[in-house]
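Good morning, and thank you for coming. Please look at the structure on the screen while I take you through selected parts.

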Amino acid sequence: MSKLSSPNADFWSAQPKNNLLINKQVGADTRLAKKNTNPQFHKYIEHTIENGYVIIEGAFTEAEVEEAKDELYSLSKSPNVAGPASVGGRNMFEGLNTRRIYALLNKSRVFDKFPLHPAVVALNDYFLDPGWLLHTMHSIDIQPGENPQTLHHDDGSVTLPRPHKPLGSAIMVALDPYTEDNGATVVVPKSHTWGTEPIPTRDQAVPVIMPKGSLVYFLGTLWHGGGHNRSSKERRALTVQYCQPWIRPFENQFVCVDWEKLDDIPSKLVDIMGYQVGAPFLGFADGTSPRKVVNRYLKRKAEELAEARRGEAKL
Ligand SMILES: O=C(O)CCC(=O)C(=O)O
């Protein structure tokens, strides 16, 4: 990985030394060993160090893109499955004229390939710590006439002074061509190096123009936003976000405490187990509160059980 020529490369890739001994004692040093980057991806890393983002054209085939669009269309025909934002956003940030389908990994196997593009894995291996995680993944369909989204950086909810190493990264996969006027994601080049001030103005943002099947990778520190759709066509995309491996509690409360027991636990305790959505929407599930998703699941399972029992009784 030492072939990179960027003078400030170390700032972005430096690994913490503080936990080396404990990592060795618990075996995490080998389990999560950092891999050497395939040199074919160096140019993407260099571009990202410099600009905070990189465009990878032709990341996915025409067939993969069409399959994803067909699957999104078929999900959208069942609003109960597609979810609460699939007919339009519920606030200015989601975009009142923008349709989102959250929790794609629970709804179809068609989307599994998108978070795992080899160049993106290599970029994450470079910019994030070993064991980085999937943060969120959903579709974003910006309808004609949609206003530009508020410019933001994805780790904006983190109260650390900037500049700092990225706490995450993201890709937008273009399912339609990204053009000057159809709501293409806009980025503020080099803003990943900015301090807490300034806040960029819209004229500092440039649209990411790329053919469908391409992706743009950017750091969680880069200012960006959804574009103004002045065209007559929708702009469909997938967003996948990733985060540092340490952005989670030590013990996974969602798995280690049976969901059936939640009603018996004091509500404040359930909140701090992670069931309360943080600001602005940290810890949401399928576009809503995790508690609602758990209740929905338990209700469905109870109904399935009752149905199975009725079937048995008829025999
Ligand atoms: O739709 C886009 O182009 C960007 C969306 C985005 O940045 C977000 O919703 O956080």
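A residue is called buried here if 20 or more other C-beta atoms lie within 10 Å of its own, exposed if 12 or fewer, and partly exposed in between, with C-beta atoms placed from the backbone. Strands are DSSP runs of E with at least two residues, and helices are runs of H or I with at least four, numbered from the N terminus. The model is predicted: local features need pLDDT of at least 70, side-chain atom pairs count only at pLDDT 80 or more, and totals for chains, interfaces and linings use all residues. Residues are numbered from 1 along each chain as its sequence is written.

I begin with strand β7, residues 215–219, in which 5 of 5 residues are buried. In a regular strand the side chains alternate between the two faces of the sheet. On one side of β7 we find L215, Y217 and L219, on the other V216 and F218, and all are buried.

Next, the partners of β7. Strands pair if DSSP finds at least two bridges between them. Strand β1, residues 53–56, runs antiparallel to β7 and is joined to β7 by 4 bridges; Y53 has F218 as its bridge partner. Strand β4, residues 168–174, is also antiparallel to β7, with 5 bridges, and S169 stands opposite L219.

Finally, the loops. Between β5 (186–187) and β6 (206–207) lies P198, and the peptide bond from E197 to P198 is cis. The loop between α9 (267–275) and α10 (290–314) contains P280, which a cis peptide bond joins to A279, with omega about -5°.
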